[in-house]
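Here are my notes from an afternoon with this model. Have the structure open and follow along.

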Amino acid sequence: MSRDVKVLAVGFGRLWTAQTVSSFGDGVMAAALPLLALTLTRDPMALAVVTAAGTLPWLLFGVLGGALVDRWDRRRTMWVADAARALLLAVPAVAAAADMLSIPLLAAVAFLLGLGGLFFDTAATAYLPDLLGRDPARLQRANSRLRGAQTAMAGFAGPPAGSALLALGRSVPLLADAVSFVVSALLVRSLPAMPRPVPEARESLLRQARAGASYVFRDRLLLGLALRPAVGNVAFMAVETVLALFVHERLGLGTFGFGLLLTAEATGGLIGAGIASFLGRKLGTGTALTCTAAVEGLAILVLAAAPNPYVAGLALAVCGAGMGATMVLGPSLRQTIVPAHLMGRVASTSRMLAMCAAPFGAFLGGWLAASFDVRTPLFAAAFLLLTMTAVTATMTSNRRVEAALRGVAPTGDPARPGPEEPVRESVPELL
């Protein structure tokens, strides 16, 4: 194994650790922020403002943020974003200690944290293929590890820790999240520097942002990869909006049982992320993506008709597995085939489409449940997912994926394994 491969192994380990620590902080805040808001008001609209504020940056600045990331050094963008978020959290921590917290302050903090997350996530997505030499097998293995850590920390460990830390004092979870950002920033700052993409002809930021979005919509494979999470978010938010009510009315479960069902879904997500590379090798990435999308739709259909909590739990676990595998295979393929100088804009465009779709799904789920019954949003979600699977099957077929991979230009990166260093032999060293 060459020295370059060793450097990549160490670099990925630090990136994985940074994102794991940061995901734990995200999980802490996911529980603590709404609970902090709840100590200030019982107004549902005020609580919704705090929750929605964190998603607004993606809706307002998603594509422009991607264009900026494509202009900036990606490693620096990541650690500066984390350092800025750590400093930002000092404001509500001090306000909480001085009993000066307010809903407008929490909403502003949520918005700015979301803005920092936009820049960090976009830069990390663009940095990873450079770090790993844009190799598909490596990217699938790396994204599997990253996705698994994110699910475990943000879904399992972080939220209970956030609730427990809040019991110690209103400032405590805010400070814990700030520490997670500091640790992440220091780790990212130590990552190996990567050459910046070749600069494009000098154009306005808006024109560059539009070029990135056009690149997605003109390419059928990239458009198919973007439609899956966009339509999926409509479906899953429709389900999530009424899931607690469905569990209570149809399955007869209380709060504890609802929590167990969510744990089953998260467990399935971990399993799906872990087997994504295997599915990609055995079925081909295109077929694997079609199968996981179909599995998600069928699982929601089973959930809608579930006669008891056990079937419902199994359906949610299977759905989570499909989602986990999709979230590894899709981004890994995109990171492999998109040119480095467009990676930030393409990634942010895809993420923005998914984020814009989520509020529509929440509204759709609530309207269907109010107009018909609590199972109707689940049946509608299953229909959307299965229709999306059929529509995008040819857009992301194995044939189209293989053609795109053949068209990827060599990166010229000296860290990329050469003919004498087969990728299969270097992947275990990476992880």
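**Entry 1: Asn398**

In which helix is the place of Asn398? I found Asn398 in helix H15, which covers residues 398-406. A reminder to myself before going further: this is a predicted model. Next I looked at the side chain and saw that one of the polar atoms of Asn398 lies 3.0 Å from the backbone oxygen of Leu283. Leaving aside residues up to four places away in sequence, I listed what Asn398 touches: Leu283, Gly284, Thr285, Gly286 and Thr287.

**Entry 2: H9 and H11**

I then turned to helix H9 (residues 220-251) and helix H11 (residues 285-304). Their axes come within 12 Å and cross at roughly 20 degrees. Angles under 35 degrees count as roughly parallel, so I put H9 and H11 down as roughly parallel to each other. I also noted that their crossing is left-handed. On the H9 side, residues making the contact include Phe236, Val239 and Phe246; on the H11 side, Leu289, Ala293 and Ile300 are among them.

**Entry 3: H12**

At the start of H12, I spotted a side-chain oxygen of Asn308 within 3.0 Å of the backbone nitrogen of Tyr310.

**Entry 4: Arg138**

Is Arg138 buried or exposed? Arg138 lies in helix H6 (residues 136-168). Its relative accessible area is 1%, and under 20% counts as buried, so Arg138 is buried. Last, I checked Arg138 against Thr336: they are 198 residues apart in sequence and 10.0 Å apart in space, C-alpha to C-alpha.

Note on methods. Residues numbered from 1 in each chain as written. Predicted model: local features only at pLDDT ≥ 70, side-chain atom pairs only at ≥ 80, totals over all residues. Heavy atoms only, no water. Helix = DSSP H or I, 4+ residues; strand = E, 2+ residues; numbered from the N terminus. Polar contact = N/O pair within 3.5 Å; in protein donor to acceptor, adjacent residues only side chain to side chain. Contact = heavy atoms within 4.5 Å. Buried < 20%, exposed > 50% of the residue type's maximum accessible area, 1.4 Å probe, protein only. Axes fitted to C-alpha atoms, helices over the stretch in contact; angles between N-to-C directions. Parallel < 35°, antiparallel > 145°, perpendicular 65-115°, else oblique. Left-handed = near helix turned anticlockwise from the far one by under 90°.
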